[in-house]
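The following note sets out points on the packing of helices, sheets and chains. Please read it beside the sequence and the structure.

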Amino acid sequence: MTPSMVFTQNGGTLSLREIPQHAPDRFAQALFSALSGGWRVVSYFGVQADDGVRLYCLLSFKSHATIGVMSTLVTGKSFYSLTDEAPQLHLFEREIAEQFSLSLEGHPWPKPVRFAPALGSLPGVTPHRPPTIGIMDFYRVEGDEVHEVAVGPVHAGIIEPGHFRFQCFGEEVMHLEVSLGYQHRGVERMMQGRPGERMRKLAETMAGDTTIGHGTAYAMIVEALTSTAPPARAQAVRGIALELERLANHTGDLGAISGDVGYLPTASFCGRIRGDFLNMTAGICGSRFGRDLVVPGGVAFDLSADGASQLADRIRTARDEVTNAIDLLWDTPSVLARLEGTGVVSEQTALELGLVGPAARASGLNRDIRRDHPFGIYSMSQIPVETGKTGDVYARTMVRWLEMEKSLDFIEEQLAQLPGGATRRAVGEVSAECLAVALTEGWRGEVCHVALTDARGAFSRYKVTDPSFHNWSGLAMALRGGQISDFPLCNKSFNLSYCGVDL
Amino acid sequence: MIKAVLARIKQGHRTMAYPKKPLPLPERFRGYPELKGSLCPADCRLCADACPVGAIGCDKGLSVDLGKCLFCAECSAACPHGAISYSGDHSLAANRREDLVIREGEERRLARALDKKMLSIFGRSLKFRSVVAGGCGACEADSNVLSTIGWDLGRFGLQFVASPRHADALWVTGPVTENMREALLLTYQAIPAPKLVIACGACAINGGPFIGSSEVHDGVDGLIPVDLYIPGCPPHPLTILDGLLRLLDRLE
C-alpha cells in the first residue's frame, strides 16, 4: 500500500512523480485520518490533467514543521464533497468545482466563489459559463418579522467591493452571507508560464496591503525551484519589512475599530501613525507598500548603516506614540464595553472552519507560520505567539496590539544585529515537473503559494491561498445572534481582503 | 477624559504644511522618469524587454508611458547605458491619456486647471464617490490616507462622500473587472451632471499589473471619459493631492 502522504517543509519542493495519488475513497479516508490526527489543510486545489482533474491537498502538522501532500484524480463530471466531515474544506471545494466545471455532490453550500470563467474542464466537456455576478441562491430565512438587508458591492467608504446579505429577525442577525468575486482579475490564470518580473508584480498585487507577505511567498517559490538560498542579510531585511507591514496594518485596524465605536482620539492618532510605518517601509525601498523590495534570491535594496539607525530612531518614536494612542482604548470603559462580547467566534468554530492569523489566535488557536513552519529570519529569531480566549472583537483587538509590541521588539533586535554581506543571489534554472510550497505569516495570517512546473520549468499551475480565504466564513459566524450595527465593528476586527480572495 | 486630553497634547498638531512648504519624500522614491535617449545604441531594446507591462517604447526614440508604468525601475536596472532613471519628482497627473506618454526633450504636460465655468462650480468644493473596480487595495489605502489628519483633504474643500447622489466626481481605482463593470457604470450614471471622472493608479488608467487579463477592461477610459489620470502603482498620496490641486488651480 502506498503511504498516504509524501512530506516536505516550508519552502521545499517535491517531484510530481513522488506524490501519492489515491482513489477517491482512500483519499477521503487518508484526509480524515490526518485531520483527526492534528493535521490541518493549508491548500486544496485542482489541476487540469490529460485524463481528468487532479486534486492536490497540502496539509500542515505544526509541531513537526511538516507539510504533507497527497492527490486524487476526478474523472467523472462530479466529485463528492468532504465538507460535512471536514468543514475547513468548504470553500476550497466550491472553488475547485467552479474552476474546473465540476459538480459538487453533497456539499451543504454549493455556490459560485468568484463568478469566474473556468480554468479547465474534463476532456471533451465544454467549460461552464460563469453565472452573472451577484445572481445566486442566497440563504434565506422566512417568517413574520424576518427581513433581508442587502449591502454592496459599492460601499459607503473607499472600500473594496463585496456583497453582503443579512437575514434578520428584528434587530437580530440570524445569518450573514458573504458573496465575493467582484475583484476577480484572473490572477491564477495569469500566473501560468515562465517565472519572471511580470509574475513577481502579480504576486505583489494579489493583496496590495500584503505586498511583502505575498511577495516573499513568491520569492520563496522561485528560490525553492532553483535551489537558491538568499543571503542572511536579505532574510533580515525581509523580516523587518514583513513586521513593518504588520505594524502599519494593525495600527490602521486599531484606529478603524476605535472609529467604529465612535472613539475618535485613537482613530485619528492611529490614522497618522499607520502612515509613519508605511513611510518607514518607503525609507527602505521607496514604496510605502514595499513594492519591489523582495525579489527571488534576496532583496533589491540594502539597508545602509545610516538607514538602519534612522529606522531604529523612527521605530522608537512610533512605539512611544502608538502606545500612547492605544492605551487610551484600554482606559476607556465605554470602548471596552462595546468590544467585549461582540462578534464571538468560539474556539471550536475557529478550529472547524480552519481560521488563521490574528482572527484564529483571538479565538484561542495557537497557530502562527513564523513559529510553526519557520521561514527566512524566523528560523533564527523567534517571535512569541499571542493568543486570546474570548474570540470577540475585544480579543481580536487585543491580539493585534500584543502582536504589534512583539513586532516592534523584533525589528529593534534585527536592526541591532544586521548580518553583513550581500543582499541578493542570482537564481538559476527552474526545476521541471516539481511542486513547490511556500508559507508566510502575513499580517492577516497564513499566506500559501503552491507552484507546479511543467517539463520546461514553466508554471503549469500556481495556486494562492490568501488568509482571507480561510477567514471570511469566520466573519459570517461572528455576526450570528448579533445586530446589524455590529457588522462594521466585526468587519474591521477581521479586516479581510476582498482582492486576496477574488484573485 | 484627562488622559485623552494629555494624549492630544502629546500627539500635537500634525497637519502638514504642504502645499505652502514642500513635503520631503524618501530618497529611494521613484517619481517622474528622466530619459536620455541619446545614450541608446541602435536596436537596443533591453529596457523595453525588461518592463513587465510594456510601458517603454523604443521605436520612435525612447518613451515611457506613465499610464502603464509600475515604477518598478526594472528598465533602469536593465539599461547598461543609464538612459532611464527615476527622479524624486512626485508630479505625474495629466488630463489626457496621451499626455502620460513622455519623451525626451518634450515639454511636460502635467494636469491643467479646469475651465473657468467648471472652476466656478467645483473650485472650492469637490466631492468624490469612490468605486473600487478591482485592483489590489493599495490605491484605496493611499486614497483613504488623504482624509487622515496629516493630509486633511477637507481643508481644500475636497471630500469622499458615501453616495453618488452627493458627489461631483467619480473616483475610480482598479482595472475595472468584468464583475465590477455594471456597478461602476450605474454609479457613474447616479452622479448628477456636470461630473468629473478621476482614474487613480496604473490599474484604473490601463490595467496596471493585470493589463491584458481576460477578466479586466484595462482601465476605465474605454467605458467612460476621464478628466484626471493619476499614475503610480499605487500613486503616492502626494502625487494624488498634486493632481487634484492642479485640476482645481490651487498650485502656484
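Which residue of β11(A) does A:His163 stand opposite? The reply is in point 2.

1. Basis. This is a predicted model, in which local features need pLDDT of at least 70 and side-chain atom pairs count only at pLDDT 80 or more, while totals for chains, interfaces and linings use all residues. Residues are numbered from 1 along each chain as its sequence is written, chains are lettered from A and ligands numbered from 1 in the order in which they are written, and side-chain values use heavy atoms, without hydrogens and water.

2. The sheet of chain A. A:His163 stands opposite A:Ser179 in β11(A). Strand β10 (residues 163–169) of chain A and β11(A) run antiparallel and are joined by 7 bridges; strands pair if DSSP finds at least two bridges between them. Helices (H or I, at least four residues) and strands (E, at least two) are DSSP runs, numbered from the N terminus. The open sheet has 3 strands in the order β9-β10-β11 (chain A), with antiparallel pairing. At its edges are β9 (146–151) and β11 (172–179) of chain A, each pairing on one side only.

3. Helices α6 and α13 of chain A. Helix α6 (residues 232–260) of chain A packs with helix α13 (residues 393–416) of chain A at an angle of about 150 degrees, the axes being 9 Å apart. Axes are lines fitted to C-alpha atoms, for helices over the stretch in contact, and angles run from 0 to 180 degrees between N-to-C directions. α6(A) and α13(A) are therefore roughly antiparallel to each other (angles over 145 degrees). Residues of the contact (heavy atoms within 4.5 Å) include A:Leu247 and A:His250 of α6(A), and A:Trp401 and A:Met404 of α13(A).

4. The sheet of chain B. Here an open sheet of 5 strands has the order β7-β6-β8-β9-β10 (chain B), with parallel pairing. β7 (158–160) and β10 (228–230) of chain B each have a single partner strand, so one side of each is left without a neighbour in the sheet. Strands β8 (residues 169–173) and β9 (residues 196–200) of chain B pair in the parallel sense over 4 bridges, and B:Val172 stands opposite B:Ala199 in β9(B).

5. The interface. In all, 58 residues of chain A are in contact with 56 residues of chain B. The two chains, A and B, bury about 4,400 Å² between them, 58% of it on carbon and sulfur atoms; buried area is the accessible area (1.4 Å probe) that two parts lose on being put together, summed over both.

How values were computed
Angles under 35 degrees count as roughly parallel, over 145 as roughly antiparallel, 65 to 115 as roughly perpendicular and the rest as oblique.
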